[in-house]
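Hi,

Here is the structure I promised to pass on.

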Amino acid sequence: MLQRQADQPLYIQLADQVADDIRVGVYAAGSKVPSVRKLAGQRGVSISTVTQAYAWLEDQGWITAKPQSGYFVRSDTAPDFSNVPPLSQGDEPRDVTKAEFINQMLAQINRPATVNLGAAIPHISWLPQRALQTHIQKVSRFQAADVLDYMFSPGLEDLRSQIAVRMRDVGVRSTADDIVVTHGCAEALTLCLRAVTEPGDLVAVESPCYYGFLQIANMLGLKIIEIPTDPQQGISIDALKLALQQWPIKAIEVSSRYSNPTGSSIPTANQKQLVALASEYQVPVIEDDIYGDIGFPTPRSHFQPLNSVLKTHDKEGWVLYCSSFSKTVAAGLRVGWCVPGRWRKKVMERQTFTTFSAASLSQYAMLSYLQNGHYDRHLRQFRAKAAANMQRFVQAIRQYFPEGTKINEPAGGFILWLSLPPGVSAMDLHYQALEHSIIVVPGDLFSNTEHFSNYLRLSTAVPWTEEIDQAIKKLGKLVADQIKKLPASL
């Protein structure tokens, strides 16, 4: 009989199990799955539960219904790993050379457009506007003296306690005293990097990596070495170990779940190996988990959402964990946090003499929102939207983009990483798309090398409309037009 879990409806649990059976080949592509009545008897659930599970699986693209025949596994449900972007190449240590270029591109990405698929923030309709307005008004009225006063590092204690409780979801046992509230995740990353490095130091990063981190490294006068990274399983542990043996690396920066831009997630076994390497070589790891709360609740992903992070396995304090509520609640609140371990004192010192802490009003409003239990309800809806929207984008890209386009389908977040056919310039595509009031981000921004000139990042956190569908179609045509102009030898 199916065992009920408190965090998932029974029909979702059943759908997960059927999807797993499809994934491992119990039910082959094109074959019939058990009838509703038969599966209900096999799993000890009601016919209604099975009907809901099959409807969910059909919505997510695993099965299709045939009138008077039953449900059948769709022929395109099996993951095609040959159509996934390849492992990146990595590179030698070097200065950050693209800072000015990134600034110029950001000015383009953030400008108004009819369809903006470049900015990695959710559409306003995805966010809990009314609830936040209520809590901002509440704390402004009843705690005016507090919200209008300075807030100092490490931040509001009750908010830190709430965050500590949430950290238990990924197996991190921390208290309010372990946490520093920051002005978004960007400040958390900056403070942690400043705490563990000096100008001229070498930092190992994923390749590709978040362009904001490249900017931070440049600002602090650091060198970087890009480590080969798999778009599904994250940074190569073997390549990282080799780099640690060869180079005087002073810090490692990685995203453990739903990385920007690849969407990769580091499997639990690899997480443990990475933390062990950090301990062996006594090198701090700065962990960016800003998308961690957006694991998909559906069985559609090739890899199941992770419920652990690097910090979960950190027994010696080598991992400095960073995150924020910017991607799920409101970017403008600028409420992030870090768990800096043995570097907590240094982080607090650097924050105290720069920003003091995140804004008082933001911290009190976020605390009120969390205390009322709104966040978990919002997350359930947000995750479902993100999962469904991701599949709409993937299906449209497969329909409209030319052969040779490769897509990584993440198990969470709202970022898609595309490898375009050889010879296609993502930078040219960016400027061509701007002429049609469509914004996309070329892969060049995410590396200090030239390895990703034919890669593209799309943000999928926008309501799906006919306008979005036509924008994807236009992008596919622009790619096809580029291919037509390539030399025959390519």
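Let me begin with one loop. Arg334 sits in the loop that runs between strand 11 (319–324) and strand 12 (335–339). Arg334 has a positive phi of about 55 degrees, although it is not a glycine. With a relative accessibility of 25%, Arg334 counts as partly exposed. Bear in mind throughout that this is a predicted model.

Another loop, between strand 9 and helix 11, holds Tyr258. Tyr258 is not a glycine, yet it has a positive phi of about 55 degrees. Is Tyr258 buried or exposed? Its relative accessibility is 2%, so Tyr258 counts as buried.

There are also cis peptide bonds to look at. Pro261 is in the loop between strand 9 (249–255) and helix 11 (268–281), and the peptide bond from Asn260 to Pro261 is cis, with omega near 20 degrees. A cis peptide bond also joins Ser207 and Pro208, where omega is about 5 degrees. You'll find Pro208 in the loop between strand 6 (202–207) and helix 9 (211–219).

Strand 14 (residues 415–419) pairs with strand 13 in the antiparallel sense over three bridges. Lys406 has Ser419 as its bridge partner in strand 14, while Ile407 has Leu418. The hairpin of strand 13 and strand 14 has six residues between the strands, and Gly413 takes a positive phi near 80 degrees there. Strand 14 is also joined to strand 17 by five bridges, and the two run antiparallel. In strand 17, Arg457 is the bridge partner of Trp417.

How many of the residues of strand 14 are buried? Five of the five are, so strand 14 is largely enclosed by the rest of the structure. As a reminder, in a regular strand the side chains alternate between the two faces of the sheet. Here Ile415, Trp417 and Ser419 point one way from strand 14, Leu416 and Leu418 point the other way, and all are buried.

On to the helices. The axes of helix 2 (residues 36–43) and helix 3 (residues 47–59) come within 9 Å and cross at roughly 115 degrees. Angles of 65 to 115 degrees count as roughly perpendicular, and helix 2 and helix 3 are therefore roughly perpendicular to each other. Their crossing is right-handed. Helix 2 makes the contact with Val36, Arg37, Leu39 and Ala40, and helix 3 makes it with Ile47, Val50, Thr51 and Tyr54.

Last comes helix 16 (residues 466–484). At 1.5 Å a residue, its 19 residues should span 27 Å, and this agrees with its end C-alpha atoms, which are 27 Å apart. Several residues of helix 16 are buried, including Ile468, Asp469, Ala471, Ile472 and Leu475. The buried residues of helix 16 pack against strand 4 (115–116), helix 14 (374–400), helix 15 (426–434), strand 15 (438–439) and strand 17 (455–459).

Cheers

Key
Residues are numbered from 1 along each chain as its sequence is written. This is a predicted model: local features need pLDDT of at least 70, side-chain atom pairs count only at pLDDT 80 or more; totals for chains, interfaces and linings use all residues. Side-chain values use heavy atoms; hydrogens and water are left out. Helices (H or I, at least four residues) and strands (E, at least two) are DSSP runs, numbered from the N terminus. The expected span of a helix is 1.5 Å times one less than its number of residues. Buried means under 20% relative accessible area, exposed over 50%, partly exposed in between (1.4 Å probe, protein chains only). Contact means heavy atoms within 4.5 Å. Two strands pair if DSSP finds at least two bridges between them. Axes are lines fitted to C-alpha atoms, for helices over the stretch in contact, and angles run from 0 to 180 degrees between N-to-C directions. Angles under 35 degrees count as roughly parallel, over 145 as roughly antiparallel, 65 to 115 as roughly perpendicular and the rest as oblique. A crossing is left-handed if the near helix is turned anticlockwise from the far one by less than a right angle, and right-handed if clockwise.
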